[in-house]
Amino acid sequence: MSAVSDAVAGPVTPTGWDVATERRLWEENWHLFCHRSELAKSSEYFRLEVFGDDIVAFNDGAEIVVFDNRCPHRGARIYDDMAGKQRWVCPYHGWSFVKGRFFIPQKETFRDCDPTTAQLNRYDTAWVGDFLFISKAPNQSISEQLAGVEEIIASISRSIGMRRDLNAYSYHCDWKIAVENALDQYHVALVHHDTLNRLKLEPAVDEYIGSNNVSRAALGDEKTIKKLKSLSRLFDVEFKPEGYIAIQLFPFTFLTSTFGYSYSLQQFYPTSRQGETAFVSRFYSGALSSKLPPETMDAFFASSIELNHQIFKEDAEICARIPLSSWSPVPERFVCAGEDKIVEFRRLMREAAART
Ligand code: FES
Ligand SMILES: [Fe+2]
């Protein structure tokens, strides 16, 4: 049974449900792709697969280029891994691409054409501070899409030092289930009893800003607060949230932090395989004070990364218990305060479906 008929077969779906809506959410929105520091050197790249599209951002020695990971000659795939440093060289006939130009073996043998005029199939790009956003066919400007949160996002991007972890795997559930789980504060006490719950977060204060939202929650444990506050002098960060902050950039992206010393970027992308979500998480450390040796906080960051991995595993396990047929774009009948953001997410999904 298809995703479409699964959802439509639910009890009440006033607008119906169509997977084409989700493809539009992917194609027409801007999506946070990577941080400038991940592509700082020539030939560094970052790659993602979303809905069957294969997207690569890479540093061509002169600029950051985002393209569809195919060679414009006969379409061979260029990059295989998710991130790394590798020159753009096609493994099929050896075309290479440097500083905006193609270099082509046996160029003089091409008949009645100039192969150096070939173009990469590019995505639109936009920078918000040091974050690179991409879009396949944007229906609004990045500033329109991020109205009200653009400054926070830019400020966070300028507070980041480097990527310290890249952790990607499949969640065995539909992406909407994974996103709703990330919006759900109600499950934290039980599912993350020995991990996230140790922060003893107070109930979050949610702010809805356009399609995006910003949640802030105070930490409930005085000892932890004192310990974290004492670290402040080690960092040189512009953005300093008090306590815990979680930002959703609708629909697929979440950025979370405690005190701004590090950021967890979590994305839940639809794939071409029904019931599989491409989960991509990155851990960025905050910029350290320049007076400190770079390895000063290695142990602190390593333990945060390990804790995050455990939390994601707990989330993946619980999400795998929820079949897509449990989902519908209408609000649940029984909703508590910790699930308010899910109500808003479903409203946005109905709104997106209505814009056909
Ligand atoms: S397909 Fe890439 S060089 Fe021919
Ligand atoms: Fe969770």
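Reader: Which residues in H5 meet which residues in H8?

Author: Ile177, Ala178 and Asn181 in H5 meet Asp315, Ile318 and Cys319 in H8. To meet, or be in contact, two residues need C-beta atoms, placed from the backbone, within 7 Å. The residues of this contact divide into four nonpolar, one polar and one charged. Here Ala, Val, Leu, Ile, Met, Phe, Trp, Tyr, Cys and Pro count as nonpolar, Asp, Glu, Lys and Arg as charged, and the others, Gly among them, as polar.

Reader: What do the numbers and letters rest on, and what kind of model is this?

Author: This is a predicted model, in which local features need pLDDT of at least 70 and side-chain atom pairs count only at pLDDT 80 or more, while totals for chains, interfaces and linings use all residues. Residues are numbered from 1 along each chain as its sequence is written, and chains are lettered from A and ligands numbered from 1 in the order in which they are written. Helices (H or I, at least four residues) and strands (E, at least two) are DSSP runs, numbered from the N terminus.

Reader: Which residues join H5 to H9?

Author: Val179, Glu180 and Leu183 in H5 meet Lys341, Ile342 and Phe345 in H9. This contact divides into four nonpolar, no polar and two charged residues. H5 and H9 (residues 340-354) pack at an angle of about 145°, with their axes 8 Å apart.

Reader: Why is H5 called largely enclosed?

Author: Eight of its nine residues (175-183) are buried, so the rest of the structure largely encloses H5. A residue is buried if 20 or more other C-beta atoms lie within 10 Å of its own, exposed if 12 or fewer, and partly exposed in between. Among the buried residues of H5 are Trp175, Lys176 and Glu180.

Reader: How do you know whether Glu38 is buried or exposed?

Author: Glu38 has 22 other C-beta atoms within 10 Å, so it is buried. Glu38 is found in the loop between strand S1 (31-35) and strand S2 (44-50). Leaving aside neighbours within four places in sequence, Glu38 is in contact with Glu44, Phe46, Ala83 and Arg163.

Reader: Why does Phe51 count as partly exposed?

Author: Phe51 has 17 C-beta neighbours inside 10 Å, so it counts as partly exposed. Phe51 also has a positive phi of about 50°, although it is not a glycine.

Reader: What does Phe259 count as, buried or exposed?

Author: With 20 C-beta neighbours inside 10 Å, Phe259 counts as buried. The phi of Phe259 is positive, about 65°, although it is not a glycine. Phe259 is found in the loop between S14 and strand S15 (262-270).

Reader: Which residues touch the most other members of the largest nonpolar core?

Author: Of its 47 residues, these are Phe33, Ala57 and Phe133. A nonpolar core is a set of buried Ala, Val, Leu, Ile, Met, Phe, Trp, Tyr and Cys residues joined through C-beta atoms within 7 Å.

How values were computed:
Axes fitted to C-alpha atoms, helices over the stretch in contact; angles between N-to-C directions.
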